[in-house]
Amino acid sequence: MFDNKEKTNIDALGEFGLIHHLTKNIALVQKSTIKGVGDDAAVLDFEGKRMLVSTDMLLEGIHFDLAYTPLKHLGYKAVQVNLSDIYAMNGTATQVTVSLGMSSKFPIEAVEELYEGIYIACEKYGVDLVGGDTSASKQGLVLSVTSIGYANAEDVVYRDGAQEGDLICVSGDLGGAYVGLQLLEREKMVYLENPNIQPDLEGKDYIVERQLKPEARRDIIDLLKEIDIKPTAMIDVSDGLASEIMHICKQSQKGCSIYEEKIPLDPMTFETAREFGLDPTVCALSGGEDYELLFTIKQSDYEKIKFKMDVTIIGHITEPASGCNLVTKSGNIHPLKAQGWNAFPTNESDTVKQPE
């Protein structure tokens, strides 16, 4: 959280003064950005390419908890989760817009910290912040980010292109973000019971960062271009591996077999899940928020990718009648179930992003 001793009320600047204050130092880096912040709309030029647009909303108490989410991390994450959608289309992300709803409890310094994270993400991924909106909010902090990008028509990858026999690949490792969330929630409860006890996160940096500061996998898109592979289908892992592969299979009208022993798990994720009495495989299948890329490739591309670090082949696409299945380490076959995050929980106490 911000720690400035002196606070500046937002009403001291007003809406337009706040917008100017937050955007006055923006430096545009994309040739496609003709006009950014400062007019009624941004003006972009993609020279006949396919434009890609995606929007995500993050709400306080639903998608994040400010008890353990630093505002700088939140701003960074808000951009990342949107860029991930552009990369999942095999595209290049170029611009974002950011809309913000906030209550009067947030001083200028808090908003500056949030935007610092936004700017860091934009700079790291070479995207321009070209607009947005601000509003008062009585429901807590609300962040809505729209990402914009492009791709050549022949390069766009959809979810519906998987073919029988295709190999199923995933980047990075899975389950870390969900296990990191469990750790943060535990330490929050300990703190609420006894504020004198400091959070015990020692040695857990990786999984905490997976939750608070995920990274969109632009590098995987660059790798696939480098080794001349165009996936047949692709999606980002925001709601858990099971949910995402079932999206691909449903839209491609195919089945799949996923092998439990092939699912990539970081040792810290595995060990911490066990400490919480959780099945690490279930965390990977249903946890979500990993923002890795899940994609299918032709079998003929196997030689190109088999030794590439940070990409794991975890199964293959089957005929529709086979359904979507998990082959366990012991060789048993179980139908996959989409137990990812429920966006509309019926239990009001179920407020922070959790698997169903």
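I began with helix α2 and checked its length. At 1.5 Å a residue, its 17 residues should span 24 Å, and I found the C-alpha atoms at its ends 25 Å apart, which agrees. The model I am working from is a predicted one.

Next I looked up how covered α2 is. Of its 17 residues, 15 are buried, so I noted the helix as mostly covered, taking buried to mean under 20% relative accessible area.

I then turned to helix α5, residues 205-212. Which residues of α5 are buried? I listed Ile207, Val208, Arg210, Gln211 and Leu212. I also looked up what these buried residues pack against, and found three helices: α2 (71-87), α4 (176-193) and α8 (267-275). I wrote down a general point beside this entry: an α-helix has 3.6 residues a turn, so residues three or four places apart point the same way.

I went on to the second largest pocket, which holds about 340 Å³ of space. Its lining is made of 19 residues, and the closest to the pocket centre are Ala67, Tyr68, Thr69, Leu184 and Leu201. Helices α4 and α5 each supply at least two residues of this lining. Which element gives the largest share? I found that it is α4, with 5 residues. Sorted by class, the lining of this pocket has 12 nonpolar, 2 polar and 5 charged residues.

**Cavities**

I searched the whole structure for cavities of 30 Å³ or more and got 2.

I looked up the second largest cavity, whose volume is about 30 Å³. Which residues line this cavity? I recorded Leu71, Phe106, Ala110, Val111, Leu114 and Leu141. Helix α3, residues 108-125, gives the most to this lining, with 3 residues. By class, I counted 6 nonpolar residues in the lining of the second largest cavity, with no polar and no charged ones.

**An annotated residue**

Last, I checked the UniProt record, an unreviewed entry, and found Asp239 listed there under "binding site". Where does Asp239 sit in the chain? I placed Asp239 in the loop between strand β8 (233-236) and helix α7 (241-252).

Conventions:
Residues are numbered from 1 along each chain as its sequence is written. This is a predicted model: local features need pLDDT of at least 70, side-chain atom pairs count only at pLDDT 80 or more; totals for chains, interfaces and linings use all residues. Side-chain values use heavy atoms; hydrogens and water are left out. UniProt positions are given in the numbering used here, feature names are shortened, and annotations may be inferred rather than shown by experiment. Helices (H or I, at least four residues) and strands (E, at least two) are DSSP runs, numbered from the N terminus. On a 1 Å grid over the protein atoms alone, a cavity is a set of points where a 1.4 Å probe fits but cannot get out, and a pocket is an open set with protein on both sides within 12 Å along at least five of seven lines; lining residues have an atom within 4 Å of a point. Grid points are joined across faces, edges and corners, and a volume is the space filled by probe spheres set on the points. Ala, Val, Leu, Ile, Met, Phe, Trp, Tyr, Cys and Pro count as nonpolar, Asp, Glu, Lys and Arg as charged, and the others, Gly among them, as polar. Buried means under 20% relative accessible area, exposed over 50%, partly exposed in between (1.4 Å probe, protein chains only). Contact means heavy atoms within 4.5 Å. The expected span of a helix is 1.5 Å times one less than its number of residues.
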